[in-house]
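Here is a short briefing on a predicted model. Look over the sequence and the structure before reading the points below.

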Amino acid sequence: MTTAAEPGRAAPRRRPLFVLLLAHYLSSFGNAITVITVPLYVLHATGSSVSTGLAGFANTLPLIFAGAVGGVWIDRVGGKRMSVLCDVVAGVSIGLVPLLDDTVGLPLPVLMGLLFGRSLGSTPTGAARQSLIKPLAEQGGVRLASANAWMQGAPRLGLLVGAPLAGLLVAVSGPVTGMYVDSASFMLSALLVAVGVPHGPGHTSAGQPREGFLRQLAEGAKLVRGIPVVGAMTAFVFVTNFLDDAFNPVILPVYSDQVLDSGQYLGWLVAASGCGAVVGTFGYGPVSARWLTSRRWTLLGCFLGIGALRLTLAGMPGVVLSIVISFLLGLAAGPLNPALSTVMLEKVPAAVFGRVFALTSAVGMSAAPIGILVAGWSIHGIGLRGTLLCFGATYIVLVLVSLRSRALRDMDAPPAPAEESADTDKEMVRE
């Protein structure tokens, strides 16, 4: 991080970056509260587990497509405008739920629609703000890896702090207060970005012909394949998400019940993993400047560590060691998102960043439900120990195979000079 301006250069302006990060933390905090309050609110209001399940479905359905579709709009109108618009849509949608229920009533179909709108608005915001990080970090004289670590730490810290607070709010005043807090966090986030963040590159394609929406969406998929390192990272993340996203919702609950003989330890295991992830994410910024200088070896090393730790859990250790291993698993996972997003910002032209980032995220997320199903079947078929051994061994095999990947070696290639990058932006927009 630079501390003083060089002769002939403008002094770093870090305030816009700070404002963007503050907005991201606020909305991430609100997201964490929603995870707790919405199902409790629906269950309290309807008394039906079926309605609660439908509410969860409506709240998560946009995750399948909203990110990819939103990526096109990020490239069309810019990250700032998209971030503000999405926050307003999400804030209004979730705020109307308790407001309508307290006044004119809230039929179940309307509730489903509002939850759908809330998720539809909140899903593309991460990619929208991510598209602004690079120019704001350069403007503020901040290392891109550090800025990405701060950005990627928001969801982890938000969940770690917001979930317990949501539980406290529910206990004291019921789930309604939590939804009003969520709405307020989105609206304040929108105001902060609108007032305190300048437009990033690529807002509206000035001077370029406007292409059809579907064609732009298809070009995003083509670009993912056309940039070898991005395609390789996407494939790698798809496989690891398949293995990883089943851990908390399926494997840990069974492990807590069968190995530790009590479901009460599940909270300790999840909390330990969350604490480790926060430390690993925020620690990546300063550590990457001196030790974790290779993003490729950081990626492979972290996943090798995760695989080894999963194999250790297969030994069925006691409560204390299991909690320590959970913390180490979170710690190993922490640097991954900052490292990967830094490479994305360096390799993907600004004019198409929204589409590429959103599509790669959507591909990675699509592996989660498949992995959850397979983990459940695996535990039923070969048992918990066999599942842990298979999942841990697959991590290690994947890392060994990836050592030969030429595309992943480009993770450490220096970014293109500014002039060359600008020419690439124009060429990709023309194509």
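The buried residues of α12 are Leu269, Ala272, Ser273, Gly276, Ala277, Val278, Gly280, Thr281, Tyr284, Gly285 and Ser288. They pack against α7 (144–173), α11 (247–258), α13 (295–313), α14 (319–333) and α15 (336–347).

**Helix α12**
- This helix covers residues 265–290, 26 residues in total.
- From first C-alpha to last, α12 reaches 37 Å, close to the 38 Å expected at 1.5 Å a residue.
- There is a bend of about 50 degrees at Tyr284.
- A proline, Pro286, follows the bend within four residues.
- Tyr284 is also one of the buried residues of α12.

**Arg118**
- Arg118 sits in helix α5 (residues 108–122).
- Its relative accessible area is 5%, so Arg118 counts as buried, the cut-off being under 20%.
- The Arg118 side chain makes a polar contact with the side chain of Thr34 at 3.2 Å.
- A polar contact also links the side chains of Arg118 and Asp182, at 3.3 Å.
- Beyond neighbours within four places in sequence, Arg118 is in contact with Gly30, Asn31, Thr34, Asn59, Ala90, Ser93, Ile94, Asp182 and Phe186.

**Cysteines**
- A disulfide is a covalent bond between the sulfur atoms of two cysteines.
- The search of the whole structure turns up zero disulfides.
- Cys275 is partly exposed, at 33% relative accessibility.
- Cys390 is partly exposed too, with a relative accessible area of 41%.

Definitions and conventions. Residues are numbered from 1 along each chain as its sequence is written. This is a predicted model: local features need pLDDT of at least 70, side-chain atom pairs count only at pLDDT 80 or more; totals for chains, interfaces and linings use all residues. Side-chain values use heavy atoms; hydrogens and water are left out. A disulfide is a pair of cysteine sulfur atoms within 2.5 Å. Buried means under 20% relative accessible area, exposed over 50%, partly exposed in between (1.4 Å probe, protein chains only). Helices (H or I, at least four residues) and strands (E, at least two) are DSSP runs, numbered from the N terminus. A polar contact is a pair of N or O atoms within 3.5 Å; within protein, one must be able to donate a hydrogen and the other to accept it, and residues adjacent in sequence count only if both atoms are side-chain atoms. Contact means heavy atoms within 4.5 Å. The expected span of a helix is 1.5 Å times one less than its number of residues. The bend at a residue is the angle between axes fitted to the seven residues ending there and the seven starting there.
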